[in-house]
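Colleague: I'm new to this one and would like to learn how to read it. Could you walk me through it, feature by feature?

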Amino acid sequence: LDTSAVLQRAEVLNELKYNTANGKLIVSYPEAIAEKVVDQQVLAANTLEINLAEKISIETINEFLYDFDFERVDFVYEAGQFAIRGGIVDIFSYSNELPYRIEFFGDEVDSIRTFDIESQLSIKSIKKLQIIPNIEHKLLNETRQGFLEYISSNTVVFTKNTTAFLDATDKLQEKASEAY
């Protein structure tokens with residue numbers, strides 16, 4: 001499993017699903033576009049959203065992370081890890097290139113920040129976050145859809161070499177038909 005590739009895919013799917021306000025530019029290649037990804041409804045149902053000032057227990061977060069095979073460590077340094085120290089939870093989600101630090105006051109979320117893994121210093125305060133599990137997780141693989149189904153119908157798609165792109169996707173379709 002290539003954690004960085006999973007992280008990049010999850011970031012893109014998260015942006016397309018939850019951050020629709022601004023235009024996006026996605027640069028990719030035929031094999032990635034043709035690849036089936038986790039269904040939008042399945043992704044939404046298995047995403048944990050945490051908001052500032054929300055009441056949620058650390059145990060609830062812990063259970064969610066264990067259910068999706070996040071690894072509990074002393075200090076997070078890569079996607080799929082989390083750490084709990086008293087009223088502080090560090091989570092390296094698959095949906096962001098930086099980990100999150102959530103501070104609690106009792107069961108209330110007191111602050112949410114991204115932080116640098118080397119220095120452990122805060123980078124940016126945020127009001128909410130989405131914890132997306134590994135999109136390659138076995139529980140999420142049951143329902144898949146085409147990547148292009150994530151984008152809206154008014155999306156503009158540019159291709160450099162349309163014939164080569166279509167040939168590559170046709171070959172991938174043939175391989176998939178033979179395999180299944």
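This is a predicted model: local features need pLDDT of at least 70, side-chain atom pairs count only at pLDDT 80 or more; totals for chains, interfaces and linings use all residues.

Colleague: How many helices and strands does the chain come to?

Modeller: Here the chain has 5 helices and 10 strands. Its C-alpha trace spans about 55 × 35 × 30 Å along the principal axes.

Colleague: What share of the residues in the chain is buried?

Modeller: Buried means a relative accessible area under 20%, and exposed means over 50%. Of the 180 residues in this chain, 39% are buried. As for the surface, the accessible area is about 11,000 Å², and carbon and sulfur atoms account for 50% of that.

Colleague: And what about charges: how many side chains are positive and how many negative?

Modeller: There are 17 positive and 30 negative side chains. The centres of those two sets are 4 Å apart.

Colleague: Let's go to the rings. How many aromatic pairs does the structure hold?

Modeller: It holds 3 aromatic pairs. Take Phe-64 and Phe-68: their ring centres are 5.2 Å apart and the planes meet at 50°, so this pair is tilted. Both Phe-64 and Phe-68 are buried. Another aromatic pair, Tyr-66 with Phe-82, is edge-to-face, with 5.6 Å from centre to centre and 90° between the planes.

Colleague: Which parts does the pair of Tyr-66 and Phe-82 tie together?

Modeller: Look at where each partner lies. Tyr-66 is in helix H4 (residues 58-67) and Phe-82 is in strand E4 (residues 81-85), so their pairing ties together parts 16 residues apart in sequence.

Colleague: Which ring does the charged end of Arg-101 sit over?

Modeller: That's the ring of Phe-115, and the charged end of Arg-101 is 4.0 Å from the ring's centre. Thr-114 has 7% relative accessibility, so it counts as buried.

Colleague: Which residues does Thr-114 touch?

Modeller: Leave out residues up to four places away in sequence, and the list is Asn-96, Leu-98, Pro-99, Tyr-100, Ser-122, Ile-123 and Lys-124. For the chain as a whole, take contacts between residues at least 6 apart in sequence: 59% of them join residues at least 24 apart.

Colleague: How do I read sequence separation against distance in space?

Modeller: Ser-57 and Val-109 are 52 residues apart in sequence, and their C-alpha atoms are 9.0 Å apart. For Glu-178 and Thr-114, the separation is 64 residues in sequence and 45 Å from C-alpha to C-alpha. Glu-178 lies in helix H5 (residues 162-179), and its relative accessible area of 68% makes it exposed.

Colleague: Where is Ser-57?

Modeller: Ser-57 is in the loop between E2 and H4, and it is partly exposed, at 21% relative accessible area. Ile-56 is in the loop between E2 and H4 too. Ile-56 has a relative accessible area of 9%, so it is buried.

Colleague: What is Ile-56 in contact with?

Modeller: Setting aside neighbours within four places in sequence, Ile-56 contacts Leu-48, Ile-61, Phe-104, Asp-107 and Val-109. Ile-56 and Gly-106 are 50 residues apart along the chain, with 9.2 Å between their C-alpha atoms.

Colleague: Where is Asp-69 found?

Modeller: In the loop between H4 and strand E3 (71-72). Phe-68, from the tilted pair, is also found in the loop between H4 and E3.

How values were computed: Residues are numbered from 1 along each chain as its sequence is written. Side-chain values use heavy atoms; hydrogens and water are left out. Rings of Phe, Tyr and Trp (its six-membered ring) pair if their centres lie within 6.5 Å; planes under 30 degrees apart count as stacked, over 60 as edge-to-face and the rest as tilted. Buried means under 20% relative accessible area, exposed over 50%, partly exposed in between (1.4 Å probe, protein chains only). Helices (H or I, at least four residues) and strands (E, at least two) are DSSP runs, numbered from the N terminus. A charge sits over a ring if NZ of Lys or CZ of Arg is within 6 Å of the ring centre and within 35 degrees of the ring normal. Contact means heavy atoms within 4.5 Å. Accessible areas come from the Shrake-Rupley method with a 1.4 Å probe; for residues, only the protein chains shown count as cover. Lys and Arg count as positive and Asp and Glu as negative; His and the chain ends are not counted. The place of a charge is taken as NZ of Lys, CZ of Arg, CG of Asp or CD of Glu.
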